[in-house]
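These are my notebook entries on one structure.

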Amino acid sequence: MENISLGQIATAITFIGIFIGAITGLITFIKKTISKIFKPIDQKIERIEVASTQSRNNIELELIKMILVNFINDIEQGTTKTDIQKKNAYELYDRYQVLGGNSYIHDCWEKLIKEGKI
């Protein structure tokens, strides 16, 4: 311990600083490289998720529309519905509107409400 000079301490500190800097730079380079490699993959996954969600929503919208058309037709033909069936229809109608459906179903629904049938 008695033979260690200030120069040796300075050299050791410099070495440690350069070593830490090199490791930090290497980690940063690896992160950027990995990010560049996976960015296109992430974008494709995101596009697939968006398309899948849109497809699911379109299918759900069409199914709800069919159910509501049948419900409306039954009501118009005088078929009585239970309170549970009416509540279910209201929930489906609300979901139908959330999904963007608001065509002739809306007009028929409003007409039946005005007539007090639902």
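Entry 1, charged pairs. I began with E115 and K117, whose side chains form a salt bridge at 3.3 Å, N to O. I count a salt bridge when a side-chain nitrogen of Lys or Arg lies within 4 Å of a carboxyl oxygen of Asp or Glu. The model is predicted, so local features need pLDDT of at least 70 and side-chain atom pairs count only at pLDDT 80 or more, while totals for chains, interfaces and linings use all residues. Residues are numbered from 1 along each chain as its sequence is written, and side-chain values use heavy atoms, with hydrogens and water left out.

I checked the accessibility of both partners. E115 is partly exposed at 40% relative accessible area, and K117 is partly exposed at 37%. For these labels, buried is under 20% relative accessible area, exposed is over 50%, and partly exposed is in between (1.4 Å probe, protein chains only).

The salt-bridge rule gives a count of 5. One of them joins E62 to K65, with the closest N and O atoms 3.5 Å apart. Both sit in helix α1 (residues 6–76), 3 residues apart, which means about one helical turn separates them. Helices here are DSSP runs of H or I with at least four residues, numbered from the N terminus. E62 is partly exposed, at 40% relative accessibility.

Another salt bridge is E76 with K111, where the closest N and O atoms are 4.0 Å apart. This pair links distant parts of the chain, since E76 is in helix α1 and K111 in helix α3 (residues 104–114), 35 residues apart. E76 has a relative accessible area of 36% and is partly exposed; K111 is partly exposed too, at 42%.

I looked up its length next: residues 83–98 make 16 residues, and the helix reaches 23 Å from first C-alpha to last, close to the expected 22 Å. The expected span is 1.5 Å times one less than the number of residues.

Which residues of α2 are buried? They are A89, L92, Y93 and Y96. Seen down the axis of α2, they fall within an arc of 105 degrees, so they line one face of the helix; the arc is that of the directions from the helix axis to the C-beta atoms. The buried residues of α2 pack against α1 and α3, with contact meaning heavy atoms within 4.5 Å. On the face turned away from the buried side I noted the exposed residues D83, I84, K87, E91 and V98. After α2 comes G100, with a positive phi near 105 degrees.

Key: Helix = DSSP H or I, 4+ residues; strand = E, 2+ residues; numbered from the N terminus.
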